[in-house]
Amino acid sequence: MQRKSIFILILLLTVQFESFSRDRGEVYYDNVKRQYLNLMSSPRLQKDIKNWENVIAGFETVGDAYSDSKKAPDGLFMAGEVCIDAYKRSGKDKFLQRAIINYSKLVQRYRKNSLADDGQIKIAEIYRIYRKDNERAKQEYEKLIKKFPDGDQRKRAEFWLKKLAEKEDIKKTLPQVTVRKIDVVSGENYTRVSIEMSGEAEYTHSLLSEDKSVEKPRRIVIDIKNAKLAPDLKEPIAVKNEHLEQIRSSQFTQDSVRIVLDLKSIEEYSTFYFDGPFRIIVDVTGSDYRGQGIGAIIADMGEIESVETEDLEEMKEADAGRREEQVEKFHIFLDPGHGGEDPGAIGRKRRIKEKDIVLKIALELRELLEKNGYRVSMSRDRDIFIPLPERTAMANRAGADLFISIHANASRRRGAHGIETYFFDLSSDRDVLKLAAMENGVDIDKLDTLQFILTDMERTPIRNQSAMLAASIQENVCRRVNSEGVNSRNLGVKHGPFYVLKGAKMPSILVEVAFITNPEEERLLASHKYRRKIAEGILDGIRKYIDNMRKNPVAFLP
Ligand SMILES: [Zn+2]
């Protein structure tokens, strides 16, 4: 056979193999995923709830009509996820119901699949977070432990069972608190309301739809238990920005306070809280909110209503030409850790301070990023103290696409050395918790008792993207640093409950660039050349992450 025909034969075989190895459900799934991607990137499409229903129905079809497909469990899981998003936007309970049905099918039909326990935990969280039905939530967490004793969600279930039991005890013992301050921070398409109290309190939140009969607009209601309202908060606070009309507070019952956010136009909201002082945070975003990493990129590529899988390659090529000029639009938020009265960790030998070193690296990195056409904002560009919650709020307000927090590590062990990168999630690793406690400025015992899990469900795409960003930065910082003949240890990518990453609306990571407590690494950190290498490594990591996402956005989704 001639060489050319062998080549063609191999090509044919490869194509054949391709089409045999992918079942029809998979092809369908990829198609719906693409639709989902379009929806996530298009504020215009998001406004019509029918588009959400289409995507949900698409994923359900994979689960129901192609139940033998490899992707059937993924279809059911994604159907549940999109239902929750649709609920968050519309406040309609039918979406929660539908989410529960999809997750239940997943758990019942595909018990051996690795997504099954995730489905079960989602059911429990719907009851706990959205339905406020703690009794039922407990039953669902217990089911998880029984059905999936070896699954990776077991720890989470045990954590919440413990919390819910504690909550019942605390209810009687929590001292009464005073709601003493309400602050509003707003930027383009983003508003954060912060409700400050004299101590920890239990609260619930819900989104109520417009009620014309009593002339009430769409509103978010926060009920704080066992609380008194400070006298000066009794008057409504007029906000009058694009999202909020006003904030009303009242002593709802003798021992509960109700805070109502009268809405103008919002697409989504989330709540969580911070300690020291205790604050309930409500973040609302408008319809054109852009700072969502992948959303920003795809939005720039333009909308595609519905795509056949075969067209994808063609589309990718067409987009390639447009990519070049998009770099400048990308907005990176740099957060040098600590500052001002908070020095961070301190070196043993030269007594250099973490706050100074990480600021220098960040300033170096800003210069590099700007040279490469990125837009850069910083939480601080000088030696000032900025509370942790402010840092993500600043990034959200700026509508940044990536959040990069820069720190230097510390250990009691003099010999500890190396580089590690974190993204936000629950962790049960004692060393990780120790580090998180230190970076959070609380002691570890306090951290253990704090409800450090997001009170709202995490947005899975952002979590995935954060993990990928962390991997890219970790790999590239190690590569740059080690190209200098330094042999720095690659401690890998980890996850932990770092407050500074909590509430970020974009992929966010925290990099510990070296151990300041290791005399050799302290010496390196003191040198400009070494800091420059670190900054170059972070730059490489960001660039490669963005490149990969542009080449294959679908891979960045769950
Ligand atoms: Zn630090």
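This section describes the secondary structure, sheets and helix packing of a predicted model.

The chain comprises 18 helices and 16 strands. Of its 558 residues, 42% are classed as buried. Among contacts between residues at least 6 apart in sequence, 69% link residues at least 24 apart.

Six strands make up an open sheet with mixed pairing, arranged in the order β12-β11-β13-β16-β14-β15. Its edges are formed by β12 (375–378) and β15 (490–496), each of which pairs on one side only. From one strand to the next, the twist averages 25°. Within this order, strand β13 (residues 402–409) and strand β16 (residues 508–515) run parallel and are joined by six bridges. Asn-409 has Phe-515 of β16 as its bridge partner.

Helix α12 is placed across β11 (331–336), β12, β13 and β16, and runs at about 145° to β13. Helix α12 (residues 354–371) also packs with helix α18 (residues 528–551); the two axes come within 9 Å and cross at roughly 50°. Because of this angle, α12 is classed as oblique to α18. The crossing of the two helices is right-handed. On the α12 side, the contact is made by Lys-360, Ile-361, Glu-364, Leu-365, Leu-368 and Leu-369. Helix α18 contributes Arg-531, Arg-532, Ile-534, Ala-535, Glu-536, Ile-538 and Leu-539. By class, the residues of this contact comprise eight nonpolar and five charged, with no polar residue. In general, an α-helix has 3.6 residues a turn, so residues three or four places apart point the same way.

The crossing of α7 with α8 is left-handed. Helix α7 supplies Asp-117, Gln-120, Ile-121, Ile-123, Ala-124, Tyr-127 and Arg-128 to the contact. These residues meet Asn-134, Arg-136, Ala-137, Glu-140, Tyr-141, Lys-143, Leu-144 and Lys-147 of α8. The contact of α7 with α8 divides into seven nonpolar, two polar and six charged residues.

Another open sheet contains five strands in the order β3-β4-β8-β7-β6, with antiparallel pairing. Strands β3 (203–208) and β6 (237–238) are the edge strands, each pairing on one side only. Two bridges connect β6 and β7 in the antiparallel sense, and Ala-238 has Gln-246 of β7 as its bridge partner. The hairpin of β6 and β7 has five residues between the strands, and Lys-240 in this hairpin adopts a positive phi near 55°. Strand β7 (residues 244–253) in turn pairs with strand β8 (residues 256–263) in the antiparallel sense, over eight bridges. The latter two strands form a hairpin with two residues between them. Leu-244 is the bridge partner of Leu-263 in β8, while Gln-246 is bridged to Asp-262 in β8.

Strand β1 (residues 177–187) pairs with β2 over eight bridges in the antiparallel sense, and Lys-181 has Glu-196 of β2 as its bridge partner. Strand β2 is also paired with strand β10 (residues 279–285), antiparallel and over seven bridges. In this pairing, Tyr-190 stands opposite Thr-285 of β10. Six of the eight residues of β2 (residues 190–197) are buried, so this strand is largely enclosed by the rest of the structure.

Burial was also assigned along helix α14 (residues 430–440), where the buried residues are Leu-435, Ala-436, Ala-437, Glu-439 and Asn-440. Helix α14 is followed by Gly-441, which has a positive phi near 75°.

Note on methods. Residues are numbered from 1 along each chain as its sequence is written. This is a predicted model: local features need pLDDT of at least 70, side-chain atom pairs count only at pLDDT 80 or more; totals for chains, interfaces and linings use all residues. Two strands pair if DSSP finds at least two bridges between them. Helices (H or I, at least four residues) and strands (E, at least two) are DSSP runs, numbered from the N terminus. Axes are lines fitted to C-alpha atoms, for helices over the stretch in contact, and angles run from 0 to 180 degrees between N-to-C directions. Angles under 35 degrees count as roughly parallel, over 145 as roughly antiparallel, 65 to 115 as roughly perpendicular and the rest as oblique. A crossing is left-handed if the near helix is turned anticlockwise from the far one by less than a right angle, and right-handed if clockwise. Two residues are in contact if their C-beta atoms, placed from the backbone, lie within 7 Å. Ala, Val, Leu, Ile, Met, Phe, Trp, Tyr, Cys and Pro count as nonpolar, Asp, Glu, Lys and Arg as charged, and the others, Gly among them, as polar. A residue is buried if 20 or more other C-beta atoms lie within 10 Å of its own, exposed if 12 or fewer, and partly exposed in between; C-beta atoms are placed from the backbone.
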